[in-house]
Amino acid sequence: MEGPTSHFYFSQRLRLHYVDWGNEGAPPLLLVHGGRDHCRNWDWVAAHYRDRYHVIAPDLRGHGDSGWAMGGGYDTAAYLYDLAQIIHQKKLSPVTIISHSLGAGIALNYCGAFPETVAKIIAIEGLGPSPKMLAEIAARPVEGRIRDWVKERRENSGRSPRRYATLDDATARMAEENPHLSPEQARHLTVYGAHQNEDGTWSWKFDPYVRFGGGIGGLSHTDQHHLWRQITAPVLLMRGLESWASDPVADGRIENFRCARLVNFEGAGHWVHHDKLQQFLAEADAFLAE
């Protein structure tokens, strides 16, 4: 397929990368990827929408071809600021957003804080831990959570990117992570998600520190639920029935939205837009046409 052009913008002194699929006179569509992913994971979705929208897909900080944050600055507020900056700097408001996982969580928080700038949002598994998981976390004393947080980061402070002998080895790891991927999908995601080291080995582009998030502070889940209730744009939530993510209708979290509905996908895991691409596009088309 004919690909996009690469560009950069700055946020909190970080040089952040995004790709632009052209068609600048059309309504803006922002595609926001998930954790340990990259902007080119949206290529199949972007190709579908490029004739109708001005499609832009950023690499989150610490991901893809964006800069790595000093001090492990990967908390919710930092990501949210980066998203606000690209929408502001590139004058994308009112913007339509399609987002996944970590990116969907960031985008939903943004939509609640700046509802006037958003036309519609599709969020694939971006609601975070289930109420059951949150209750288990909250049941632990805060000092214990802090001690574990310090211990985890101390143990991983010297962690370096994993190295693969060949690009084929990295592709095999990509396919292992999501068995729904076709060989072509796995290769494409690996080519754009990895780089070759000086010694000839291959490593993923993302900063190893993104695995551990930011600090232990930031937005509480109560704060996030409040933000969801401030969203005025229509919301389409998506979920794979083979994923770890809990059902927001069954667990009640969908009640935090004014105007939202849920679509479940059979035969899909966490990456609905890869696992069931045509079904995903059909549901997205119908929602965006409403």
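In the residue classes used here, Ala, Val, Leu, Ile, Met, Phe, Trp, Tyr, Cys and Pro count as nonpolar, Asp, Glu, Lys and Arg as charged, and the others, Gly among them, as polar. This is a predicted model, in which local features need pLDDT of at least 70, side-chain atom pairs count only at pLDDT 80 or more, and totals for chains, interfaces and linings use all residues. Residues are numbered from 1 along each chain as its sequence is written, and side-chain values use heavy atoms, with hydrogens and water left out.

## Cavities

Let's start inside the protein. A cavity is a set of points, on a 1 Å grid over the protein atoms alone, where a 1.4 Å probe fits but cannot get out; its lining residues have an atom within 4 Å of a point. Grid points are joined across faces, edges and corners, and the volume is the space filled by probe spheres set on the points. By this rule there are two cavities of 30 Å³ or more.

The largest cavity has a volume of about 110 Å³. It is lined by 14 residues, and those closest to its centre are Glu125, Gly126, Leu127, Met238 and Ser246. Eight residues of this lining are nonpolar, three are polar and three are charged. Strand β9 (residues 235-240) supplies the largest share of the lining, three residues. Strands here are DSSP runs of E with at least two residues, helices are runs of H or I with at least four, and both are numbered from the N terminus.

For the second largest cavity, the volume is about 60 Å³. Its lining is formed by Tyr9, Leu16, Pro58, Asp59, Leu60, Arg61, Tyr79, Asp82, Leu83 and Ile86. Seven of these residues are nonpolar, none is polar and three are charged. Helix α2 (residues 76-89) gives the most to this lining, with four residues.

## Helix packing

Axes are lines fitted to C-alpha atoms, for helices over the stretch in contact, and angles run from 0 to 180 degrees between N-to-C directions. A crossing is left-handed if the near helix is turned anticlockwise from the far one by less than a right angle, and right-handed if clockwise. Contact means heavy atoms within 4.5 Å.

| Helix pair | Axis separation | Angle |
|---|---|---|
| α2 and α3 (residues 102-113) | within 9 Å | roughly 70° |
| α6 (residues 167-177) and α7 (residues 183-193) | 9 Å | about 120° |
| α3 and α8 (residues 221-229) | 7 Å | about 60° |

To put words to these angles, those under 35 degrees count as roughly parallel, over 145 as roughly antiparallel, 65 to 115 as roughly perpendicular and the rest as oblique.

The axes of α2 and α3 cross at roughly 70°, which makes α2 roughly perpendicular to α3. This crossing of α2 and α3 is right-handed. On the α2 side, Thr76, Tyr79, Leu80, Leu83, Ala84 and Ile87 meet Leu102, Ile106, Ala107, Asn109 and Tyr110 of α3. The residues of this contact divide into nine nonpolar, two polar and no charged.

The crossing of α6 and α7 is right-handed. Leu167, Asp168, Ala170, Thr171, Met174 and Ala175 of α6 make the contact with Ala186, Arg187, Leu189, Thr190 and Val191 of α7. Seven of the contact residues are nonpolar, two are polar and two are charged.

Helices α3 and α8 pack at about 60°, so α3 is oblique to α8. Their crossing is left-handed. Here Leu108, Asn109, Gly112 and Ala113 of α3 touch Gln224, Leu227 and Trp228 of α8. This contact has four nonpolar residues, three polar and no charged.

## Backbone details

Most residues other than glycine have a negative phi, and most peptide bonds are trans. The peptide bond from Ser93 to Pro94 is cis, with omega near -5°, and Pro94 lies in the loop between α2 and β5 (95-100). Arg13, in the loop between β1 (5-11) and β2 (14-20), has a positive phi near 70°.

Conventions:
1 Å grid on protein atoms, 1.4 Å probe; cavity = no way out; pocket = protein on both sides within 12 Å on 5 of 7 lines; lining within 4 Å.
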